[in-house]
Amino acid sequence: MGGRDQNDQDRRHMSGWWRAAPLLGLYRPALVAVGIGLLFSIVGAAAVARWEDRVNRGEFENAAETQSIVMQNGMNEYISRLLALRTLFESTSDEVTRSEFETFSARLFERHPGMLRLAWLPRVNSKERAEYEAAAIADGVSGYRIKSLQGERFVTATQGDEYFPVFYSTQPKTSSVYGMDYATVPERRALLQRARDNDRVAAIRTRLFEPKQGGSRVPDVLVAIPVYAKGTSREEIADRRRNLAGFVVGIFDLPLLIQSIRVTTGASPAVSMNVYPPFAAQVANEEEALPDYSSAATAPHSMRDIAQAVHWSGSLKIGDTAWQVRAVPTAGGPLATTYDRAGAVLIVGMLLTMSLSTYLMLASRNSRRLSQANRRVLELAQTDILTGLPNRAYFLTRLDEMHRQSGVTGLPFAILMLDLDRFKNVNDSLGHAAGDALLRQVAQRLKSAMRANDVLARLGGDEFAIIQEACEDQRACSTELAAQIAKLVSRPFLLPGHRVEIGTSIGIAISPDHGSDQEQLLKKADLALYRSKSAGRNCFTIYDEAMSAELEARNTLEGDLRDAIAQCQLEVHYQPFVDALSGVRRGFEALVRWRHPTRGLIPPDQFISLAEETGLIVPLGEFVLRRACADAAGWPSDLMVAVNLSPIQFKEAELFDMICAALADSGLPPQRLEIEITESVLLERAVENHAFMERLKSIGIELALDDFGTGYSSLSYLTAFPFDKIKIDKSFIRNLTHQPRSSAIISAIVTLARGLDMSVTAEGVETCEEFERLKVLGVNFAQGYLLGRPQPIEGIQFDEQAKPSRRDAA
């Protein structure tokens, strides 16, 4: 078994190599060009990088050295001011007073931050000790005594030959440093001796025994300058030791001092300066030492870290001690080496290389690319761009293939035609972008229900189609798929900022039962789809022969209706409406009738819906409006005429002009025309329809909300739209005498209308009991067979008032 597996692996490896070999041969010139071009690009970029590194290093070292010189000059300025303080003591034979010391030192360092303290350490022998202690107390230093340091605390100094106590200081007189004998601190004693014997400024890195406010992260710098008696010799060490008068001592906050120097001199931010402590026995490991000062904003680095990168070394002299200076380019600064030119050389070289290799590749595979391009064009021609599904062209091609296969194999297949319900509402209310997003989501859900060998296509708009290949029971399989699709599409869709619910109507045709060619199958699937939409939507229907008969009858009726409109076979009948309290006739509602030459009088419920679906409602509605206005112009002036407008008519841009023309041509005053509108008009294009209704109101036309209670019956319509009248649907009137709820509903509508300053008309009044009950409930107008049936204009007697019949109209 192991040997067989190994042979299989070897065989796959060899087959992969043989497949790759032609490609290597095809692209060999391009691969050679790539290799040579990359080699030259890398070599050139490396050479430029070395040159950039040398240039940047030179600029960096010059900038670092300049910064170091600036820091040294600033430090020398501070030392020179300390020397000026020594001059104060050496220039007078009299003793310098505490006040003179404080005033002079304050002026010297008034605008020079970084100086923490200044002190005067006189040379005091054992005989002068009591005198100095008494003089300090007299100057205001309470409890002054010469102290020595033992451990971490001060104690009264023991008797000795000489002392160097803090006598004057810039510290407050309550400070514990007064009287501290520097001779008792070994490192400070050594500092004083070095300064005295060499007659020069001496400095050490030390720790304060009374820390500055806020504490100190690093030790400070102590500077000592010897002061000799005026007029004495200091040539030899013995002379200096004999003639020493004391020391001027200054303590620096090194980070603050250096920072102030850099700020004052406008230091370059391109160089990061780091000042490390001088090498001494106290520094255990010089390479691990952290800087006493760092100008970088990031955490300070040890000297070892600095040494591993590009850096510059120098020193900062403070007296006779040198602090170590290390400078590095600031990260991201102008002196940091970025190798931009080297990168540019590499990129340009690679671009040239890729251009050449691309040219060679294109030249060697023109024929292959041409065939691929042709194949891609064919794919795009058969693909819907929005959803990525096959389009109508592909669907029809595949359907032809299925027919040919079915003719050979005898296997059935099914076609499912899909149309999304309420998709237009989404497009109109949320915009086409939302509609496109919804179509993409629908496509994904439909794909999830497909088998691998089924075909799903988008035919256009919100129409999809499916070819379901053969199953054992084709009818059961197609209905099962349709039910699954209906369930998937009925689930809510989440669009940006909206939750949308739609449905789908599905029509199914099965080959060869329902047709033997493409045209027949598509036609019958469309018929089944139409039946699904007529049946209430969000359902599916399988074609049967009765649908063809219905279609033929519908087509015949549509043709006859077109002829009827063209040949004026339509009539307008008028049904009166009366004042409910007085019984006086107030006007007529215009109702269209179709007198067919062979079928006789056809009621509106058999052709109005067909007219709306075919768009014939627009010329039909114009005919009714013009005829009603023309007839009403000859009526008594106290009678109105009411005309219904279809929702389809509201989509016509010329509707307002047509109404105005009908009024002008007939001479009917606008105040005698009442337009009845159903609630479905208010669901779409609410803003445009509201503006249109306001225009009608502006010329005096009255507006009535027809069939109130049977649609959405939203109270917002009554407040948002300018209606004058509410017409209660006859379904409420029919149940009025035996269902108390109908009385309650009508009473509520009347109360609501009265509060909104609207009148109420009750439709479908057929019995005296209904009429009497409506009067009690407070309706304004009544209309129905009890008060008058619709009849042609010739049958209306205008000199008689309509009166309720003594018998029911039923």
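This report describes a pocket, the cavities, selected salt bridges and a surface patch of a predicted model.

## The second largest pocket

The second largest pocket holds about 1,000 Å³ of space. It is lined by 36 residues, of which Glu589, Leu591, Pro604, Asn644 and Asp706 are the closest to its centre. By class, this lining comprises 14 nonpolar, ten polar and twelve charged residues.

Several elements contribute at least two residues each to the lining of this pocket: the strands are strand 22 (585-596), strand 24 (640-644), strand 25 (673-678) and strand 26 (702-708), and the helices are helix 17 (608-614), helix 18 (617-632) and helix 23 (730-734). Strand 22 gives the most, with five residues.

## Enclosed cavities

Two cavities of 30 Å³ or more are present in the structure. The largest cavity has a volume of about 120 Å³. Fourteen residues line the largest cavity, and those closest to its centre are Arg117, Val166, Val177, Tyr182 and Ile251. Strand 1 (115-122) and strand 9 (244-252) each provide at least two lining residues, and strand 1 gives the most, with three. The lining of the largest cavity is made up of ten nonpolar residues, one polar residue and three charged residues.

The second largest cavity has a volume of about 30 Å³. Its lining consists of Asp53, Asn56, Arg57, Phe60, Val310, Pro329, Leu335 and Thr337. Helix 2 gives the most to this lining, with four residues. Four of the lining residues are nonpolar, two are polar and two are charged.

The whole structure contains 28 salt bridges. One of them joins the side chains of arginine 86 and aspartate 199, with an N to O distance of 3.4 Å. Arginine 86 belongs to helix 2, whereas aspartate 199 lies in the loop between helix 5 (186-198) and strand 7 (202-206), so the pair ties together parts that are 113 residues apart in sequence. Arginine 86 counts as buried because its relative accessibility is 16%, under the 20% limit. Aspartate 199, with a relative accessible area of 23%, is partly exposed.

A salt bridge also links the side chains of arginine 205 and aspartate 292, at 2.8 Å from N to O. Arginine 205 is in strand 7 and aspartate 292 is in the loop between strand 10 (271-276) and strand 11 (293-294), so this pair ties together parts that are 87 residues apart in sequence. Arginine 205 is partly exposed, at 28% relative accessible area, whereas aspartate 292 is buried, at 2% relative accessibility.

## A further pair and a network

Glutamate 501 and arginine 499 form a salt bridge in which the closest N and O atoms are 3.0 Å apart. Glutamate 501 is partly exposed, with a relative accessible area of 45%, while arginine 499 counts as exposed, at 57% relative accessibility.

## A nonpolar surface patch

Val32, Ile36 and Phe40 make up a nonpolar patch on the surface, and together they have about 320 Å² of accessible area. Valine 32 is located in helix 2 (residues 28-90) and is partly exposed, with a relative accessible area of 47%. Helix 2 also contains arginine 86, the partner of aspartate 199.

Key
Residues are numbered from 1 along each chain as its sequence is written. This is a predicted model: local features need pLDDT of at least 70, side-chain atom pairs count only at pLDDT 80 or more; totals for chains, interfaces and linings use all residues. Side-chain values use heavy atoms; hydrogens and water are left out. On a 1 Å grid over the protein atoms alone, a cavity is a set of points where a 1.4 Å probe fits but cannot get out, and a pocket is an open set with protein on both sides within 12 Å along at least five of seven lines; lining residues have an atom within 4 Å of a point. Grid points are joined across faces, edges and corners, and a volume is the space filled by probe spheres set on the points. Ala, Val, Leu, Ile, Met, Phe, Trp, Tyr, Cys and Pro count as nonpolar, Asp, Glu, Lys and Arg as charged, and the others, Gly among them, as polar. Patches are made of residues with over 30% relative accessible area and no salt bridge: like charges are joined within 9 Å, nonpolar side chains (Val, Leu, Ile, Met, Phe, Trp, Tyr) within 5 Å. Accessible areas come from the Shrake-Rupley method with a 1.4 Å probe; for residues, only the protein chains shown count as cover. A salt bridge is a side-chain nitrogen of Lys or Arg within 4 Å of a carboxyl oxygen of Asp or Glu. Buried means under 20% relative accessible area, exposed over 50%, partly exposed in between (1.4 Å probe, protein chains only).
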